[in-house]
Every structure is written in C-alpha cells, then in structure tokens.
Amino acid sequence: VQAQTEIKLKPADQPQTISKHIYGHFAEHLGRSIYDGLYVGDTSKIPNTDGVRNDIIQALKDIDIPNLRWPGGCFADTYHWKDGIGPKEDRPTIVNQWWGGVTEDNSFGTHNFLNLCEELDCEPYLAGNVGSGTVQEFTDWLQYVNHAEGSPMAKLRKENGREEPWDVKFWGVGNEPWGCGGNMDAEYYADVYKQYATFMTSWSNENDLYRIASGPSGGDYHWMEVLMSEIPKSLMEGVALHSYSVIDWENKGPATGFTEDHYFSTMTEALKMDEYITKHSEIMDKYDPENEVGLIVDEWGGWYDVEEGTNPGFLYQQNTMRDAMIAGATLNIFNNHSRRVKMANLAQTVNVLQAVALTKGSKMILTPTYYVLKMYKVHQDAELIPVEFNSPDYSFNGKSLPAISVSASRAEDGKVHISLTNIDAKKSNTVKIDLSGLDLKKLSAEILTSDNLQDHNTFENPEKILPQAFTKFKNRNDNLELEIPPFSVIVFEAE
Ligand code: AHR
C-alpha cells in the first residue's frame, strides 16, 4: 500500500454545472461503426428498430447517451448529405476514401441518423462538409433538417416522409481542417469558418444554433489563438479539440497484449488532456473572459493497432482495463474543467477505436469503457463540487504520473457522487475523504476492476468485467477511508 491521499470537498466559488454533453459519443462512417455495427438494416434477423440494433439502442439508453456526433471525422469532409436521402434504391454509391477505400451504398443517411437520435432521446451533433463541399450544400442541410415549412428543403424533407423538422442545435463546421479536412493553416480556416458561419441560420423554433469551429489537435495553441482572435463571438458558440491517447502514430502497440511500458506511455498521453484543456482555456479566457464559447473535446480516447486479421482502415480494437483507466481519468478531468468544457465525444461508439460496444454477427459485448460511462452518468448535469487533494505517484522506469484522479458532484436530488480512479499498475492506494458537512445518512459504492490490466470482455466471456458493489470502506465521523486497488475505478454515492 502506497502513501495516503487526502481529499477535501471544497465549497464552489460559483455554482458550476457539469454539462451532460461531456458524456457524448461519436459514430463515423468508418469500418464497422455504422454498417455491420449500429446499423444492420431493417431486413436483418438481428432485432432492430428501423435497421438499428435493439441491443445497442438499449445499451446506449442505459448510459443516458446525451448526444451523438455524425457522420465524421474525416468522412464528414467527403460526405454529400443529399446522397443519403430519398428512396434507398436511387441513392448513389460512394467510396469511403479515408477508411479502407470501401464502397458504401448510402443506406444510412440523415433520416436514419436523426430518427435514431430521437429514439435514443439524445441531441444530434452534425459535422458538415467544408473540405469538399460548398456553403450552399451546408446551408441546404440546415434548412432540410430544421426549417418547418415553406422552403425548398423543407418541401424535399416532407416528400421524403418527414413532416416535422428535427431542430438540430449542434453543428460542426468541418473536421480537422489542419489535416484530413483540407490541410489548411489556422488563418485560412478562420476565414473559411467565418464564411460558412455567416450563412448558417438555425430556422428552428426550438433551438438557437450552436456552431462549433474545428479546433486544435492536442497542444496546438497557435490554432486556438488564431481562432479565438479572428472569429467574432457572434459567429461561434464552440471550439473543438481533438486528443487521442496514442503512444506513437507509427507504432501504436497492441490493444490487449501490451506491456506496462505501453500502458505507462498511454496513460502519459491520456493525462496530457488536463494540460491541454488548462492551456487552451487560458487562451480562451483571454479573448472570452465571459466564458461564452465552449471547449468541445469532440474526439478523445485510446488508439492502438487494429486486431490481427482485420482491415487496417477499419480501426477495430479490443478494449481492456487500460481503456477503463483512460475513461475514468479523462472524465474526471472534464468534470473538473466543466466551466469551459461543455461537450466531449468519445471516439467511437461501436467497433471503432475506444468503443463502448463491439459486435460479431448477432452478438454484442459491452466494454470496460462502457461500464465507466455507466458508473459516471450520475455526474451528468450535476453541480460540480471542487476537490482538493494530493495524489501519490505511479512510478515506472524512473518516471512518474499522478496515480489518483477524482471528481465530485451534487445531483439535483441532493445525492453526492465521488468518482475515483487509481491508474497505478501494481499498487493500491489509501484514500481518505473528508465528508463533513454533507449530513450523510447512507453511503454506497461500485467498483470496476479486474485481475490483470489486459483483461477484457470477449464474445465467449462477455461479463468478465462488470461493476461490482464495493463495501471495503470505513466511515467514522464523516471520515471515509478506503484502499483503492490498482487499475480500478470507484464511484461513491452519498445521501
Ligand atoms: O476517429 C478517427 C479519426 O480520427 C477521425 O475521422 C478524425 O477526425 C481523427 O483524425
């Protein structure tokens, strides 16, 4: 057992809500994310609702999915939305140039996606094509999905069977323009962004627009500086940030057969999220002291080599306790930065990168990452309780990382939740939490842990890793004490 961590819950200077949208997701037309993942088609024997697997719908409802970003990613800047509406037999096929060069038939399009979001009771987040599209195409899409009636696009929507608009609030203006979105520099993209944003009108009676500029990758502070200084706040509600936990783009290492060296490097990358958000927020504070523009981390998660024998362009990877550590620590970072971070989207929902669900034929398994999101959903739209603590180190090969991360919140019903992650690969840590002032009557907890870091759920053994009740804690006079095992996540509920 290592050194002790003492955690104090602090009174907030100003009340701060943790936006539920921090717990958002992302599904791209990539590999088996949509086709043979979420979407099996309405003639499939796999139980489905309008072609979308019922098991996945239920799983996403169970974690209270707040929003879903679609159709990309890099795919967004190649996607022409009109290819995906109207009778399926008339839709053109297209080549997915970024992801495996496969041909798709556009059978999953705007109606399928927006109806799915209605079914899930989550907000759609559409990423529009800037890289290979036009302002006209983009604004037509907005008119098609949001204009009630009397416009050419509303008429077309009605002809395609949808009377009411969907009232889409969240719109991304391109994706990664510094890379697959057009290899632009920040100054050029800022101008292009202004052009697109100028012509975007909500048309919705329900929602104001939330326009999200494609932001930096990781620590590209110049990109943020340019966007914040060049784009007037009247044209931009959010700026994106992408940051993946990848060891080395040329040599990412295996998703399951990894070493502690790999693990330590992955966690080093994952924990950089805190520094990125802190420094990007400082730049945003300079230009937007009123905190009106949100930081939208619309792609994050672990990225490894694909599973053996699978298409390298499909980014299919297994998901272990390492991924649970990335999720637990990252979500604590987002919660603690919820003043500026207003949305985040884990990449990606099904069968791609750090997925919450994997499918094989009619089978579906839920990953350790899924269970972290399930345990942490109590933080959605809850009031942040700032925490003060000093973490012991997780040391490896002469380097060290903070082992413990924590965040806390108070839900509308008054319950207090504290989520803790210990990323140490070998050592448990003693944690003491001062609960005085909470007027507690009941305390309970759940833990997600396993024997080995590399452990994961498989189609043969789908429930190897599941949250369990955690009772090994003592609470004397509002001083909670526990030992958090290595690589585990615990969430306390106090009422
Ligand atoms: O999520 C996979 C890809 O990663 C996305 O398409 C792109 O935006 C990012 O580089």
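**Exercise 1.** Which residues touch the most other members of the largest nonpolar core?

*Solution.* The model is predicted: local features need pLDDT of at least 70 and side-chain atom pairs count only at pLDDT 80 or more, while totals for chains, interfaces and linings use all residues. Residues are numbered from 1 along each chain as its sequence is written.

Step 1. A residue is buried if 20 or more other C-beta atoms, placed from the backbone, lie within 10 Å of its own, exposed if 12 or fewer, and partly exposed in between. A nonpolar core joins buried Ala, Val, Leu, Ile, Met, Phe, Trp, Tyr and Cys residues through C-beta atoms within 7 Å.

Step 2. The largest such core has 145 residues, and those touching the most other members are Tyr193, Ile212, Ala213, Val239, Ala357 and Val372. Domain 1 (4-9 + 386-494) and domain 2 (20-379) each supply at least three residues to this core; the domain bounds come from an automatic or database domain assignment.

Step 3. Take Val239. Leaving out residues up to four places away in sequence, Val239 touches Ile212, Ala213, Gly215, Met224, Leu227, Val293, Leu295 and Ile296. Contact here requires C-beta atoms, placed from the backbone, within 7 Å.

**Exercise 2.** Describe how helices α8 and α9 pack.

*Solution.* Step 1. Helices (H or I, at least four residues) and strands (E, at least two) are DSSP runs, numbered from the N terminus. Axes are lines fitted to C-alpha atoms, for helices over the stretch in contact, with angles from 0 to 180 degrees between N-to-C directions.

Step 2. The axes of α8 (residues 321-336) and α9 (residues 368-376) are 7 Å apart, at an angle of about 30°. The two helices are therefore roughly parallel, a label for angles under 35 degrees.

Step 3. On the α8 side the contact is made by Met321, Asp323, Ala324, Ala327, Gly328 and Leu331, and on the α9 side by Pro368, Thr369, Val372, Leu373 and Tyr376.

**Exercise 3.** How many residues of each domain are in contact with the other?

*Solution.* Step 1. The centres of domain 1 and domain 2, taken over C-alpha atoms, are separated by 29 Å.

Step 2. The contact involves 29 residues of domain 1 and 34 residues of domain 2.

Step 3. On the domain 1 side, two or more residues come from each of β20 (404-410), β21 (416-422), β23 (443-448) and β27 (488-494). Strand β20 gives the most, with 4 residues.

**Exercise 4.** Is Ser234 buried or exposed?

*Solution.* Step 1. Ser234 lies in the loop between α6 (221-230) and β11 (238-245).

Step 2. Ser234 has 8 other C-beta atoms within 10 Å, so Ser234 is exposed.

Notes. Two residues are in contact if their C-beta atoms, placed from the backbone, lie within 7 Å. Angles under 35 degrees count as roughly parallel, over 145 as roughly antiparallel, 65 to 115 as roughly perpendicular and the rest as oblique.
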